[in-house]
Amino acid sequence: MAIKQILSIPLRVVLTAYCFLQFAVQVLWLGKWQMPRVIKKGKGSPDARRQALYMAHRHVVHYLATLDFLGLVEFRFEGTPHDQPCIMVANHPSLLDFIVLLQDLPNAVCLYKSQSLDNPVLSSFVQVGGYIEGMDGTASATKRIISSCGERLMEGHHVVFFPEGTRSESASAVHKFRAAAFHAAIKCQAPVQPVVIFCNPLFLGKNQSWIDFSRHRNIMTIRYLPVIRIEDLPETEQTATGLARVVRENIMNALTEISTATQGQD
């Protein structure tokens, strides 16, 4: 590591801490004050929720611009998100994954882990935003997720799933997909758009600290792949398992392509 890089680390640690604090303050303010006020004024209507989510989207755009401006993360967007309500399925390498998708999807909701309800920063935000509580391993939870997914799609939202259920162990690894997203797609007759997220190097991943994140400029590539419709698949793949397999293969192939291209640039 060059001397200049070593000397810059303390500054980068401070900037990283500032950005983490900024995120916590913004989410608390949105979840406990600004978004509830908008929804209450709109009497809890779907339009009021969309307005509240758009307000959060504006904060996300500003936050990501700050990360970029401070030299912490460079974001590269490729492809086009589907312009109609759909189920979006992405791999999950980093804590920033869903936040980054909100830049292009101001009306998106996603599944969240039940543990988030114990998080003082996130709990109010995920509930007031109409996010969907995730799996607890029971059949009733799957039915609830599918029902809630259908409601959000009917209201005009994109619904984002990270079907690995946990963060990936490396930038190019993808765990086996859980089936809830794909059961929902079939039940709701919704198109599925795979989304590829590649971090170079891996940052804010599983068992990684925020100190590691601050050591250098990170690059995150977000690639929207072509939409998949269940009726366009071979008949043998027109099941939740088959759809999951097709989506996962598309994501893994794109990850390999992005990773190979990145290595060629180094």
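Buried means under 20% relative accessible area, exposed over 50%, and partly exposed in between, with a 1.4 Å probe and protein chains only.

**Ground rules.** I'm working on a predicted model, where local features need pLDDT of at least 70, side-chain atom pairs count only at pLDDT 80 or more, and totals for chains, interfaces and linings use all residues. Residues are numbered from 1 along each chain as its sequence is written, and side-chain values use heavy atoms, leaving out hydrogens and water.

**Asp212 and Arg215.** I looked up Asp212 and got 32% relative accessibility, so it counts as partly exposed. Its side chain meets that of Arg215 in a salt bridge at 3.7 Å, N to O (a side-chain nitrogen of Lys or Arg within 4 Å of a carboxyl oxygen of Asp or Glu). Arg215 is partly exposed too, at 36%.

**Other salt bridges.** I found 11 salt bridges in the structure. Arg49 and Glu155 form one of them, at 3.0 Å, N to O. That pair links distant parts of the chain, 106 residues apart. Arg49 is at 16% relative accessibility, so I filed it as buried. Next I checked Glu151 and Arg152, whose closest N and O atoms are 3.9 Å apart in a salt bridge. Glu151 is partly exposed at 42%, but Arg152 is buried at 11%.

**Val89.** Is Val89 buried or exposed? I got 0% relative accessibility, so Val89 is buried. Leaving out residues up to four places away in sequence, Val89 touches several others, including Phe161, Phe177 and Ile251 (contact means heavy atoms within 4.5 Å).

How values were computed: Helices (H or I, at least four residues) and strands (E, at least two) are DSSP runs, numbered from the N terminus.
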